[in-house]
Amino acid sequence: MTTRTVEVPNEEVLERQALATAKRIVVKVGSSSLTSIKGGISEKSLTSLVNALADKRNAGTEIILVSSGAIAAGLAPLGLAKRPKDLATQQAAASVGQGLLMARYTQAFSAHGVTVSQVLLTADDLMRRTQHTNAFRALDRLLNLGVVPVVNENDTVATHEIRFGDNDRLAALVAHLVRADALVLLSDVDALYDGPPSHGAKRIALVRGPQDLEDVTIGKAGKAGVGTGGMMTKVEAASIAAGSGIHALVTSTANAAAALAGEDVGTWFAVNGNRKPVRLLWLAHLATVHGRLMLDDGAVKAVRDRHRSLLPAGISSVSGDFEAGDPVEMVASDGTVVARGLVNYSSEELPRMLGRSTQELGQAMGRGYDREVVHVDDLVLLQAVRSSKLGT
């Protein structure tokens, strides 16, 4: 009697196949895949992408498209030879290009009977509880109505201080905001490699966690000159998603249809953590730190081990320039960054409060000074990181 061998799909294959049946997917496409400095928006590239997304949408999957390209699309109409470096000109280009980009998306999707909408977000929309709740409700309702929301950072009003920095990280946060099943990051590179592809490097098909990337050199922005990210920001975004319970895939725009079908393309980031509130993800990965609070050993244990709020009695020193509500780092005496949080007092108020109990402060300074310095709901613990200067 002959024994028949049945080939069982490995875990990675099974996970990738989940993309084929996912109910809600966030797809991010980069500027280099849609536009060029000389030609503005590439009709061929945009139409090819839309064909893949519209087919998936018409098959019953809810799609949110996070699309770069507004600034790049505005360069040619404004007679600009390259992406501007100053914020004001970037904002002007975004203002011109966003309308052009949406017009192309509206036309391309309508050929498939799919309606699109424009959603412009700022980092503030995801860090404030009321605003990110409103953003979720709006996006969720659009999806329920069968619409494909096209999301971009609101570059026209964003500032250097309060912005996502690139749409890869924006896409990771949007995926959490809408409780997506998966995040697909598209660019002009088909996968993450263990070195320069031109030197015979091999594709990294699966990343189970940070340990798989320890010996990998990851590139930054490419040669096209119209984007702000690169493979580094895509890996960071995919890692944010995977570390918080969302499947993630990094591949090329040319592979969009194959990726959405669950085929073996790109680099798959396996889930290695549980879902977290989107506001805490922003605080951990994107927030610009304005100051540093040095903690004594008792405060470190309270915050890190017992998950308590930070009180003024446990702070030994303060550095930086910040207002109430700004992100700050909480640092142990050896320089290890323990956590980040939103502080309840300014850098002018806090020094005179150090080492004193909340009850004492309330009696001496009045109501409002008996609160925590950082409430436990407004802080996120970090992996052990040594930090030598403000903002690193």
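**Reading a helix and its annotated residues**

Analyst: The model is predicted. Start with N167, which is found in helix α8, residues 167-177.

User: Is N167 buried or exposed?

Analyst: Buried means under 20% relative accessible area. N167 has 8% relative accessibility, so N167 counts as buried.

User: How many residues of α8 are buried?

Analyst: For α8 the count is 11 of 11, so the helix is mostly covered. Among the buried residues are N167, D168, R169 and H176, along with L170 and L173. After α8 comes R179, which has a positive phi near 60°.

User: Which residues is N167 in contact with, beyond its neighbours within four places in sequence?

Analyst: A contact means heavy atoms within 4.5 Å. With those neighbours set aside, N167 is in contact with K28, V66, S67, S68, N152 and E153. With N152 there is also a polar contact between the side chains, at 2.9 Å.

User: Which residues does UniProt list with N167 for "binding site"?

Analyst: The unreviewed UniProt entry lists S68 and D155 along with N167. S68 is also one of the residues in contact with N167.

User: Where is K28 found?

Analyst: K28 lies in strand β1, residues 24-29. Its relative accessibility is 4%, and therefore K28 counts as buried. Outside the four places on either side in sequence, K28 is in contact with V66, S68, N167, D168, A171, V184, L185, L186 and K234.

User: Which residues does the "binding site" annotation that includes K28 cover?

Analyst: According to the unreviewed UniProt entry, this annotation covers K28, S187, D188, T228, G229, G230, M231, M232, T233 and K234. K234 is also in contact with K28. M231 belongs to helix α9, residues 231-242. M231 is buried because its relative accessibility is 11%.

User: How should I read a residue in a loop, such as T253?

Analyst: The same cut-off for burial applies: under 20% relative accessible area. T253 sits in the loop between β9 (247-252) and α10 (256-260). Its relative accessible area is 12%, so T253 is buried.

User: What is T253 in contact with, leaving aside neighbours within four places in sequence?

Analyst: T253 is in contact with V29, S33, L49, L186 and S187, with those neighbours left aside. The side chains of T253 and S33 also form a polar contact of 2.8 Å.

Key. Residues are numbered from 1 along each chain as its sequence is written. This is a predicted model: local features need pLDDT of at least 70, side-chain atom pairs count only at pLDDT 80 or more; totals for chains, interfaces and linings use all residues. Side-chain values use heavy atoms; hydrogens and water are left out. UniProt positions are given in the numbering used here, feature names are shortened, and annotations may be inferred rather than shown by experiment. Helices (H or I, at least four residues) and strands (E, at least two) are DSSP runs, numbered from the N terminus. Buried means under 20% relative accessible area, exposed over 50%, partly exposed in between (1.4 Å probe, protein chains only). A polar contact is a pair of N or O atoms within 3.5 Å; within protein, one must be able to donate a hydrogen and the other to accept it, and residues adjacent in sequence count only if both atoms are side-chain atoms.
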